[in-house]
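Visitor: Take me through this one, please. Keep it brisk.

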Amino acid sequence: MSYTIQIASTLSKGNIMEHFHVAAKLNSQRMAIADKKSVITFGDLNKRIQSTHAYFIDRGLKSGDRVLVFVPMSIELYVSVLALFQMGCTAVFIDEWAKLDRLKLSCQIADCKGFIGIPLAAHLGWFIKEIRQIPIRMSTKEIQNAPSKPFQELSTIDPNNHTALITFTTGSTGTPKAVVRTHEILHQQFLALQDTLQTRDDTVDMPVLPIVLMINLGLGISSVIVKWSSKKPHSLKVSSVLKSIQKYRINRVIASPYFIEKLSIEALTQNKTNQLSGLREIYSGGAPVFPQSAKNWRTACPNALIKIVFGSTEAEPISSISGQDLIASHELNKGLCVGSIEPSADVKILSLVDQKPLESGQLGEIAVSGLHVVSDYFGPLRESQIKESKIWLDGKMYHRTGDAGILDNENKLYLFGRCQQIIEWNDTVLYPFIVEQQLKQIPDVIAGTLLKIGSELVYFLEVNRCKSFQQLAYPHIKCFSPLEDDLNSLGLPSGKIVVGKLPRDPRHFSKIDYAVLRKM
């Protein structure tokens with residue numbers, strides 16, 4: 001009998017490992033993961049995890065140890081992480097795009113007992129003292145080739161109060177923020193996302209977001225890993241993705257807006273939409289999605305239910321909206337509609353002045369509470385990071401997202417961008433998040449934004465075939481006057497206009513990286 005049929009009665013308590021063990025027994029012959037190198041069933045994946053668990057013990061790891069994992073999304077990643085979970089270790093992740101100085105600082109903060117990396121990453125210790133000082137270092141090849149022991153399910157500790165994951169978020173300034181997820185938080189996120197995704201028994205998924213594949217393993221659902229790194233977004237080979245969709249009969253894709261946009265545009269321009277006809281569900285998150293993108297996706301994938309999930313690093317999900325409803329809500333003057341609040345989330349809008357809760361229809365900072373919301377951080381700045389991002393209201397902890405929004409009487413949330421990006425100008429309030437969508441209406445403008453620098457407004461525009469900002473003599477480069485006329489026609493205030501390629505966030509390559517832009 002399929003595991004997903006038993007969801008209602010079995011998932012109310014437990015942890016990811018317990019769910020995986022049940023799923024592996026009930027679906028031992030079903031494909032668990034396919035990556036660029038191989039395919040593994042649930043039964044064989046379970047055997048690999050048990051063998052890896054035993055190897056970790058032989059190497060000296062024990063419950064409570066922190067282990068830095070430097071492995072891309074692959075079968076080897078999930079073998080290693082689930083083996084760590086099973087023995088009560090904490091998997092530590094640092095964004096793959098982190099610069100060297102931030103990688104070193106994150107290593108110092110994490111103070112790990114172990115390191116797991118692909119063979120190339122395992123050699124980092126030769127060059128990076130902070131990794132060389134980690135006592136137990138292993139490569140995925142070494143783990144895979146370790147002498148196997150007779151298969152037996154090793155006893156799993158009760159890890160619910162143990163820390164499962166520490167994820168370093170590498171912003172452009174300051175000390176990296178280490179987000180802590182206990183097994184209980186991970187389980188609650190598992191429940192919240194499953195409530196949003198409504199995974200079916202026959203789902204064959206292409207999850208580009210690592211946490212979703214973890215959920216699939218707990219549900220007994222097959223996952224296909226696409227060959228793509230967000231560190232090199234332009235390396236995405238859509239033709240290869242389309243072949244995988246056909247080969248494995250994939251019927252659900254969960255990915256960043258950038259990934260789905262590229263997939264849709266190539267399918268439309270190359271007349272390959274028939275290769276997407278088998279998709280019945282598309283989920284996206286990690287960056288805002290606007291009505292025009294939803295239109296492209298619907299045209300490219302007419303048979304698919306499209307859903308966009310809004311959340312943050314510490315709280316996923318918060319709300320969600322269908323592609324159809326997003327397309328219908330094309331008037332952005334009242335913000336971008338990000339849908340109805342999810343059942344797992346309790347959302348309040350806080351005053352930008354004194355953080356007091358506001359009434360419906362008033363704009364303020366979005367704050368969210370729920371069992372799936374991260375409450376803790378790790379490292380020397382833990383207390384200050386908690387103080388900056390958490391607030392207690394009526395005995396409940398709320399996470400302050402830093403996003404500005406409005407919650408209407410129908411419990412629908414409207415997004416206005418980052419609170420710190422709001423600009424007060426000549427007795428008016430400007431929301432760069434909304435201005436960015438207005439700028440896209442200008443012919444040949446791919447993307448744009450508005451910043452207040454000193455005492456002046458500066459429009460940064462990326463147009464077709466433009467060079468990077470590093471190749472421009474900012475602030476001496478100014479656009480042609482026709483663009484100034486376009487700004488006037490949109491009702492936008494006058495300001496300096498600069499043209500160049502806009503930096504994108506390294507995680508999803510879907511949002512403008514304002515901090516990097518200001519440095520430029």
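**Loops, contacts and charges**

Visitor: Where is the place of Asp 427?
Guide: Strands (E, at least two residues) and helices (H or I, at least four) are DSSP runs, numbered from the N terminus. Asp 427 sits in the loop between strand 22 and strand 23.

Visitor: For side-chain values, what is left out?
Guide: This is a predicted model, with residues numbered from 1 along each chain as its sequence is written. Local features need pLDDT of at least 70 and side-chain atom pairs pLDDT 80 or more, while totals for chains, interfaces and linings use all residues, and side-chain values use heavy atoms, leaving out hydrogens and water.

Visitor: Is Asp 427 buried or exposed?
Guide: Buried means under 20% relative accessible area, exposed over 50%, and partly exposed in between (1.4 Å probe, protein chains only). Asp 427 also has a positive phi of about 65 degrees, although it is not a glycine. Because its relative accessibility is 86%, Asp 427 counts as exposed.

Visitor: What is the phi of Asn 426?
Guide: Asn 426 is in the loop between strand 22 (423–425) and strand 23 (428–430). It is exposed, at 62% relative accessible area. Most residues other than glycine have a negative phi. Asn 426 is not a glycine, yet its phi is positive, about 50 degrees.

Visitor: Which residues does a cis peptide bond join, with omega about 5 degrees?
Guide: Look in the loop between strand 13 (305–310) and strand 14 (319–322), the place of Pro 317. Most peptide bonds are trans. With omega about 5 degrees, this one is cis, and its residues are Glu 316 and Pro 317.

Visitor: Which backbone nitrogen lies 2.9 Å from a polar atom of the side chain of Asn 251?
Guide: Asn 251 is in the loop between helix 11 and strand 11 (252–255). It is buried, at 9% relative accessible area. Its side chain reaches the backbone oxygen of Asp 202 at 3.2 Å. The backbone nitrogen at 2.9 Å belongs to Val 204.

Visitor: How many salt bridges does the structure hold?
Guide: A salt bridge here is a side-chain nitrogen of Lys or Arg within 4 Å of a carboxyl oxygen of Asp or Glu. Lys 62 and Asp 65 form one, their closest N and O atoms 3.8 Å apart. For the structure, the number is 15.

Visitor: How many residues apart are Glu 76 and Arg 48?
Guide: Their side chains meet in a salt bridge, 2.9 Å from N to O. The pair links distant parts of the chain, with Glu 76 in helix 4 (residues 75–86) and Arg 48 in helix 3 (residues 42–59), and the separation is 28 residues.

Visitor: Is Glu 365 buried or exposed?
Guide: Glu 365 forms a salt bridge with Arg 400, with closest N and O atoms 3.0 Å apart. Glu 365 is in strand 17 (residues 364–369) and Arg 400 in strand 20 (residues 396–407), 35 residues apart. Arg 400 counts as partly exposed, at 22% relative accessibility. Because Glu 365 has 7%, it counts as buried.

Visitor: How far apart in space are Ile 40 and Ile 75, C-alpha to C-alpha?
Guide: Ile 40 lies in strand 2 (residues 39–41). At 8% relative accessibility, it counts as buried. Ile 75 is 35 residues away in sequence, but the C-alpha to C-alpha distance is 7.8 Å.

Methods
A polar contact is a pair of N or O atoms within 3.5 Å; within protein, one must be able to donate a hydrogen and the other to accept it, and residues adjacent in sequence count only if both atoms are side-chain atoms.
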